[in-house]
Amino acid sequence: MKVIIVGCGKVGATIAEQLVEEGHDIAVIDMNNEVIQDITNSIDVLGVVGNGASYSIQKEAGIEEADLLIAVTGSDEQNLLCCLFAKKVGNCSTIARVRNPLYSHEIGYIKDELGLSMVINPEFAAATEIARLLRFPSADKIDTFAKGRVEILKFVVHEGSVLEGYSLMEIGRKLNSGILFCAVERKDEVVIPRGDFVIQGNDVVSIVASPKDAKTFFEKIGVETHQVKDALIVGGGTIAYYLAEQLLSMGIHVKIIEKDTERCEVLSELLPEAVIIHGDATNHDILMEEGIENAEAFVSLTGLDEGNVFLSLYAQSCSKAKIVTKINRISFEDVVAKFQLGSLIYPKHITAEYIIRYVRAMQNSVGSNVETMYRLIGNKVEALEFRIREESVVVGKPIMELKLKKNILVACINHKGKIIRPNGQTKIHVGDTVIIVTTQQGLRDINDIVE
């Protein structure tokens with residue numbers, strides 16, 4: 001597919017890199033010549049210097065032949081204008097990043113009136129993911145499928161856990177909890193496990209389950225399942241605002257520490273039910289005064305990755321709080337992961353996942369679209385939800401008769417609203433949504449799972 005990306009900041013560059021890996025023809029537009037030179041030197045894309053809202057610049061980038069334009073500049077208004085021009089000139093699909101909270105309640109109207117294919121708000125998406133984690137703090141990461149009916153939860157099996165030393169078959173017989181182990185990370189190795197796989201201490205495990213079954217499973221292995229009662233948030237930016245709004249609606253007490261006086265005043269007006277503290281959280285005395293030792297959740301959302309890492313390390317040293325750390329620079333992902341900072345949130349990853357999911361669905365020609373997609377365990381595993389829209393090679397046959405490719409797991413089937421944990425006799429039907437977990441990259445259609 002021919003894709004044009006307007007705006008080559010961190011988000012734009014990440015999207016371009018991942019779409020190139022998926023084999024798409026990419027053109028990028030940015031007003032900064034140095035930025036264009038950097039990105040064209042590092043990946044195989046066409047670079048155009050100029051204003052992406054200009055007809056002549058879009059034409060130079062190939063808008064008349066483009067299938068999709070993605071606008072992720074720093075200006076919401078420019079992103080919308082870029083998409084409007086692209087619809088008129090190229091009649092292609094369009095995606096705009098819109099971040100300003102002023103537009104948050106008008107997104108549906110904007111999308112419909114401008115004919116946009118998708119509107120993305122990375123900050124809102126990141127806040128939603130954090131809120132999900134604070135609802136179920138035992139998990140390090142939670143991804144949802146089937147409109148919330150199914151979740152993939154990632155957690156660490158601590159030494160001494162009741163799971164340690166047992167195979168997955170033994171755990172299934174012992175607990176009978178309706179969950180499926182779909183991926184295990186052990187040191188640098190990632191496995192789609194079989195029934196004879198034995199769990200060890202410090203394994204990072206991902207399970208597929210309904211929210212109810214997940215809660216039952218964690219209760220059976222002696223892990224807390226209640227949502228947090230309070231959250232201490234450091235940094236009062238856009239993500240903090242969206243997060244506080246969601247947490248307050250869940251009945252969670254919210255306290256935000258922000259060092260900018262004017263921003264504190266704005267937050268106080270927007271969030272009258274939250275406690276807004278003016279102060280510098282890098283001063284540990286302030287954190288102590290605001291009760292970090294007894295906080296049930298600590299979320300570091302400053303603009304500096306280094307600050308977020310150190311704040312989370314400090315919170316870890318003096319409290320038992322559920323810790324969530326925001327990281328912007330994806331290039332340091334492997335280093336940051338070694339700090340074991342609880343749940344890591346990458347807004348750039350979230351945005352790229354949304355867009356790649358859409359691109360794969362656009363490409364689809366057989367009738368089973370990618371409805372949901374998440375990258376798990378440092379992008380080593382993908383979990384995809386396909387909607388089966390018409391007859392295909394996987395429909396109507398028992399799963400055991402399908403010649404599945406290696407490292408493909410049919411994790412769950414949503415059949416007319418009923419969630420099925422499949423076995424060898426289970427059949428896939430038209431109208432189902434099917435969740436596939438795999439270490440193979442780039443699945444675009446449900447037929448790609450068979451040899």
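Colleague: At roughly what angle do the axes of helix 6 and helix 9 cross?

Modeller: This is a predicted model, to be clear. In it, the axes of helix 6 (residues 122-135) and helix 9 (residues 238-249) cross at roughly 45 degrees and come within 8 Å.

Colleague: What do you call that arrangement, and what's the hand of the crossing?

Modeller: Oblique: roughly parallel needs an angle under 35 degrees and roughly perpendicular runs from 65 to 115, so helix 6 and helix 9 count as oblique to each other. The crossing is right-handed.

Colleague: Which residues make the contact?

Modeller: From helix 6 you have Glu123, Phe124, Ala126, Ala127, Thr128, Ile130, Ala131 and Leu134. Helix 9 brings Thr238, Ile239, Tyr242, Leu243, Gln246 and Leu247.

Colleague: And how does that contact split by class?

Modeller: Ten nonpolar residues, three polar and one charged.

Colleague: OK, zooming out. How many helices and strands are in the protein chain?

Modeller: The chain has 14 helices and 22 strands.

Colleague: What about overall dimensions?

Modeller: Along the principal axes, the C-alpha atoms fill a box of roughly 65 × 65 × 40 Å.

Colleague: What share of the residues is buried?

Modeller: Buried residues come to 54% of the 451.

Colleague: Last one: what share of the contacts with a separation of 6 or more links residues 24 or more positions apart?

Modeller: That share is 60% for the protein chain.

Conventions. Residues numbered from 1 in each chain as written. Predicted model: local features only at pLDDT ≥ 70, side-chain atom pairs only at ≥ 80, totals over all residues. Heavy atoms only, no water. Axes fitted to C-alpha atoms, helices over the stretch in contact; angles between N-to-C directions. Helix = DSSP H or I, 4+ residues; strand = E, 2+ residues; numbered from the N terminus. Parallel < 35°, antiparallel > 145°, perpendicular 65-115°, else oblique. Left-handed = near helix turned anticlockwise from the far one by under 90°. Contact = heavy atoms within 4.5 Å. Nonpolar A, V, L, I, M, F, W, Y, C, P; charged D, E, K, R; others polar. Buried < 20%, exposed > 50% of the residue type's maximum accessible area, 1.4 Å probe, protein only.
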